[in-house]
Amino acid sequence: LVPLPSVPPPPPALHTCQGLAPCLPEEGQVNTSGPRLLLATLHPAAGSSAAMDRIFSALLLSLLLLLQSYGVCGAPPQPRGTLCRTKPTDLVFVIDSSRSVRPQEFEKVKVFMSRVIEGLDVGPNSTRVGVINYASAVKNEFSLKTYQTKAGLLQAVRRIEPLSTGTMTGLAIQFAISRAFSDSEGARVRSPNFNKVAIVVTDGRPQDGVQDVSARARAAGIEVFAIGVGRVDMHTLRQIASEPLDDHVDYVESYSVIEKLTHKFQEAFCVVSDLCATGDHDCEQICISTPGAYKCACKEGFTLNSDGKTCSACSGGSGSALDLVFLIDGSKSVRPENFELVKKFINQIVDSLEVSDKQAQVGLVQYSSSVRQEFPLGQFKNKKDIKAAVKKMAYMEKGTMTGQALKYLIDSSFSIINGARPGVPKVGIVFTDGRSQDYITDAAKKAKDLGFRMFAVGVGNAVEDELREIASEPVAEHYFYSADFRTISKIGKKLQMKICIEEDPCECKSIVKFQTKVEDLINSLQQ
């Protein structure tokens, strides 16, 4: 048994506050009064409504944990253990290297393959890997029996060169059936103990038929994943892939982000035991299973101690105040149907808040080629009025001036004249789906200089360099990106942070109750 490489170690707690001790900064950290949060995200441009709705629900719950962490008792649940091994698999990559795939783009495909291989248990009795390279013809780069070590596979992948001719996808799949998955090439006899998996990567419309040959591949017991890039024909991907299509069809806007799918396939090949169900954990009260690991939590009225497994009783309380402003990308690439999902997402977060003059206040700003304040902080005193105003928000549908929007957030949204309260934590949540058309450096730096805590979350065509520029230090803990909506729920693991702002961290009974409920919902979604 080996740890799953893609599961990161738990982030260090920002503060450890127990009993009535004040929250002190750890060595090397700055303790500011009234920490401020800025969440920068950009909205995706495509995807099925049902799948996107599930994704936004998962992200919502993750963000709720983050937003409600102001004043939450004790440390957040931390991953406590991992147990993952890859089931013995015969894995064949079927890679399109037609002339539409540029050499630098083909290098990205090779990086993607290498990252997937790095997460496998490679060996003659575990996982075997082969690669088929195709264009107008098919080239067997290496078969399942060629390399029996991970190092050998990675070296072989680095040596692969593109063919740069046509796109005979059907021919390549037929080659996989008749040759790559044959006994003579190292494939094992079909058995419940072994998986047979093909990952097809293509960026265009095939010049031959794929429906019948793909059906034969599936009938032969081969599980087929289809990854489409750029201008790929989505109907072709659905003809190639196994059922359920939501799990077996993936799309990325460009080869530059295909590497982001690595985590999905590492998890797909991972056999995970439910450590909570088997009792193989050391949680005092509540054990929550996660892919490849588990974490501990506490019952209502208790706080998780710094050891991440034991719990202490809380003294009770009423929570803390929050000034929350949504900064929403209304550019034309978001598309009307997705903009409605953003509005639904906003209202789901609003539903979770305790809205009042002394607790949460909510403001809303939309931006595209210009910035428009929909309503300022404190204008609406209850959730019903806020949600009604969100539903009435009209889609701007123009450019993407993220820098201008950030400047507005700093200069106007969090000003006293627009309802912001001195000394109250400031939270900004920003959604975007692409590259900013203006300069963001000055506004991003100013926000950090003012003490705002800035989180950047991008989806689809969002530019990771821009996300990092927006994010606070340490950057790795403050920016998040997903190329695929189905993987965005994984961001929730990274957003479970703890920021303590009260001398008595247990003055939060109602929030502890809320947090426990949300964790249960997240666990249900993962299942």
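Which residues does S356 touch, not counting residues up to four places away in sequence? I shall come back to that after an overview.

Good morning. The structure before you is a predicted model, in which local features need pLDDT of at least 70 and side-chain atom pairs count only at pLDDT 80 or more, while totals for chains, interfaces and linings use all residues. Residues are numbered from 1 along each chain as its sequence is written, and side-chain values use heavy atoms, with hydrogens and water left out.

The protein chain has 16 helices and 20 strands; these are DSSP runs numbered from the N terminus, helices being H or I of at least four residues and strands E of at least two. Of its 527 residues, 57% count as buried, where buried means under 20% relative accessible area, exposed over 50% and partly exposed in between, with a 1.4 Å probe and protein chains only. Contact means heavy atoms within 4.5 Å. Among contacts between residues at least 6 apart in sequence, 77% join residues at least 24 apart.

I turn to the sheet. Six strands form an open sheet in the order β6-β5-β4-β7-β8-β9, with mixed pairing; two strands pair if DSSP finds at least two bridges between them. At the edges are β6 and β9 (249-252), each of which pairs on one side only. From one strand to the next, the twist averages 20°. Strands β4 (residues 89-96) and β7 (residues 195-202) pair in the parallel sense over 7 bridges, and I95 stands opposite V201 in β7. Helix α2 packs on this sheet, touching β4, β5, β7 and β8 (223-229), and its direction makes about 170° with that of β4.

Helix α2 also meets helix α3. Their axes come within 10 Å and cross at roughly 175°; axes are lines fitted to C-alpha atoms, for helices over the stretch in contact, and angles run from 0 to 180 degrees between N-to-C directions. The two helices are therefore roughly antiparallel, a term for angles over 145 degrees, with under 35 called roughly parallel, 65 to 115 roughly perpendicular and the rest oblique. In this contact, K110, M113, S114, I117 and E118 of α2 meet K150, L153, L154, V157 and R158 of α3. By class, these residues divide into 5 nonpolar, 1 polar and 4 charged. Here Ala, Val, Leu, Ile, Met, Phe, Trp, Tyr, Cys and Pro count as nonpolar, Asp, Glu, Lys and Arg as charged, and the others, Gly among them, as polar. Within α3 (residues 150-158), G152, L153, L154, A156 and V157 are buried, and what covers them includes α2 (103-118), β5 (128-134) and β6 (138-142).

On the α4 side, G170, I173, Q174 and I177 meet V213, S214, R216 and A217 in α5. That contact has 4 nonpolar, 3 polar and 1 charged residues.

Finally, I return to S356, in the loop between α10 (336-352) and β16. The residues that S356 touches, with that sequence limit, are Q361, K381 and R421. S356 is partly exposed, at a relative accessible area of 25%. From S356 to G378 the separation is 22 residues in sequence and 8.4 Å in space, C-alpha to C-alpha. Strand β16 (residues 360-367) runs antiparallel to β17 (residues 371-375), joined by 4 bridges, and a hairpin links the two through 3 residues.
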